[in-house]
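My entries follow the structure.

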Amino acid sequence: MSQETILIGLAGVLASASPLIFAVIGETLSERAGVINLSMNGTILLSAMGGFAVAYNTENIVLGFLAGMLIGALVALIVAFASITLQQSQVAVGFVLALTCRDLAYFLGNDYMGVPGPRLQAMPIPVLGDIPVLGPLFFRHDVITYISFIAIFFAWLWIFRTRPGLMLQGIGEKPAAAYIRGANVNLMRYVYTIVGGALIGLAGPAFSLAIRAGWMGTISGLDGFGWIALSITIFGGWNPVRGAFGAYLFAFLQWLGLVLQPVLTQVPSQVLQVAPFPLMILTLLLVNIGNAEWVERTLAAMPESARKIFAKMLRAMRTSPPAALGVPFERD
Amino acid sequence: MNVELKNINKHFGAVHANKGINLNIPTGTIQGILGENGAGKSTLMKILSGFIQPDPGSEIILDGKPVVIHSPADAIKYGIGMLHQDPLDFPPMKLLDNFLLGLSGGLFPNRKETAQDFNLLAREYGFSFDPESYVDSLTVGERQQLEIMRLLFLGARVFILDEPTTGISAGQKEKLFATLKKFPEQAMTVIFVSHKLEDVENLCDRVAVLRGGGLVGETKPPYVTSNLVEMMFGKAITLGARQPAEAGEVTISMKNVSLEDVRMKIKNVSLDIHAGEVIGLAGMEGSGQDLFIRACAGLMRTVGGRIHLQGQDLTGKSYHTFKHAGVNFLPAARLEEGLVLGLSLTDHFVLAEEPKGLFIDRAAGQKLAEDRIQSFNIRGKPDSTVESLSGGNQQRAELALLQTPLSLILLEHPTRGLDIESVIYIWSKLKGRCKTDGAAIVFISSDLEEVLQYSDRVLVFFNGMVSAPLDAGKTTVEELGQLIGGKGWADKGEAHD
């Protein structure tokens, strides 16, 4: 493989991860506030179809993306209303929505099956795009991929460096404590669930108007991405940067499967296609190994100097969910 | 700040939780609010701190001005800050983030400046905190200090403390009291809510007693304990004299037992505990007494040595073998470890019985529950879920679940958070089991008076060291306090061979 092929491949990895990144960031915001939006898999499919249909009919690609976000926000509003106002089980409501939205997408999208439609074009950035290696890797993408880069940074900045972000962490961790510090817990939960839902809804058109342009119904191959995004959110420790790494790793493994297929002819192609999923889980488990008790015990038995280094590393990798995730808040 | 409560009423449905309470708290006083569980203290404090709204016609007057407090955030604007029984902070966060959270200011907080403010405030009040460490590395007592600092920084002039001495060590209590005693000099008002007579007597300039939702009376020092008790309960209650046990046969015998976990090592403990005897385990939380009691329960494997129960070698055997031999363990976390959330009292009693067949005999279960509820004086119905019961009644339910016959009862903080009436009741039941079953009791408590009042012998734990058994009748609270703090170990020796 030439160097150029590899570069183009890796650039493709960065671009193809962008839908996953939007979904992971959206889910991260929602869960940081304490609401699990389990509808994600269905939302992505429905917004992919809806976004494509709107862009196709209006011949306006921006409207397509906005339509996707609106669909995501509306589904999230249902999740928010059921879980915050009605205090119903977030898991049950989200799961039913995941199935409903998926089937709705296939049903409503019948007319758009295989129709050639608009597609977002690459927009190389003038000067930056000409830098060797970095140029083709980062600066010759379409707008939505650039936005995904920026979104990672801003989500991280918001959650970990701003006052409202700190309050967001508090709302998901211990809503009563956030409340005495002046937060309107339920309103904020609505806001973050809906904003998160809009970001999840952006993942759909990022597929159907960019990465895998068009709507192909059940053979679009988008089914399952929502679940992967959900697990990346969890293993990413509710941190947009770690979540983005997970998304890139997944896209990379998928690309590797494609590249290796002609080389490893004796391996059935299905194995290479499916391999990224279990490999992903394995990697993420390894990253979170510090949570296990036996690791703690092994550590305790190590000599002092080595233990300190390992303990620090593990502490840095260790994650725990927002403590009030999925728990309704009542003013006493 | 002068706080005046005028005709405070609060109904929850049919329940009249606060009945026309009038109370004036002058600037610079430490006001005690005393009452048993359910007396209306919490409701009154929640009204003052903005958590709930009182009925119309109630008035809160701060420094002569009537105010309406809509929320806790509103209360702090008026200068009223509340320290909750379980600190309302964020365990996984850094101290600095926890401190920053909720402070007003621009989008991007200035962490460096806030850290300086934080350190300055900590120094002023004699607390030592590293703003970059994590809240979950602190003890409950330290987390209280952290909350006090935060409230001070927010400009609180009135401090409401809700049962602050529950779950903290004796040393931390002293420190807390020392801090609070300085507040009146700065024209701050402290409202100290408790059911612990001793704490209220030691700290407060004046005491108001609530009972059944109403204000029963106010007193000033010198306090007469029996009067306070009578006001709290409407009747006189006495602790009674210590009742030393007549030691019987050896129930549990430990020979050179060594224990260890990630944090702690205990070496070579040898001890015989006799039937009918009560052994109190004293020490700072996490000094090794939790390992010791779990080893007695068969929940923790010994690293060395042997444990015999009534002559039978149970070393290395499982919890179930211990339980079969009549060992029962009631852990500190009642709702997390002892009882099953969502299950009713009937369900609990049925579960604890030996199963007879596949299906549950509802009628028999109901009957059993009614009997137990009556004989253990539990305020609840057979189909009440355990979480709907008050702490004292949950503990009574746990006692009602103890199996018969029993050889050894292990208890972790059996009376933590309970009012004195429940404490006396629970101990009378426990002592009853010593007499009827010849059971021995081993219990952990951070309340030193409780340890001395009810134990026959006391083991003190300090950093994994275990003292020789002390005769509870000949030991004072002061001696015990010193040993717990690590002083005077040279002449007490250890329970080693």
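Domain bounds, as I use them here, come from an automatic or database domain assignment. For chain B that assignment gives domain 1 (3–233) and domain 2 (250–326 + 403–492). I looked up their separation: the C-alpha centres of domain 1 and domain 2 of chain B lie 35 Å apart.

The model is predicted, so local features need pLDDT of at least 70 and side-chain atom pairs pLDDT 80 or more, while totals for chains, interfaces and linings use all residues. Residues are numbered from 1 along each chain as its sequence is written, and chains are lettered from A and ligands numbered from 1 in the order in which they are written.

Next I checked the domain contact. Nine residues of domain 1 of chain B touch eleven residues of domain 2 of chain B, where contact means C-beta atoms, placed from the backbone, within 7 Å. The domain 1 side has two nonpolar, six polar and one charged residues (nonpolar: Ala, Val, Leu, Ile, Met, Phe, Trp, Tyr, Cys and Pro; charged: Asp, Glu, Lys and Arg; polar: the others, Gly among them).

I then took a helix pair. Helices (H or I, at least four residues) and strands (E, at least two) are DSSP runs, numbered from the N terminus. Chain B has 18 helices and 21 strands. The axes of α12 (residues 345–352) and α13 (residues 362–375) of chain B come within 9 Å and cross at roughly 105°; axes are lines fitted to C-alpha atoms, for helices over the stretch in contact, with angles from 0 to 180 degrees between N-to-C directions. By class, the contact of α12(B) with α13(B) has six nonpolar, three polar and one charged residues.

Last, I noted that the C-alpha trace of chain B spans about 70 × 55 × 50 Å along its principal axes.

Note on methods: Contact = placed C-beta atoms within 7 Å.
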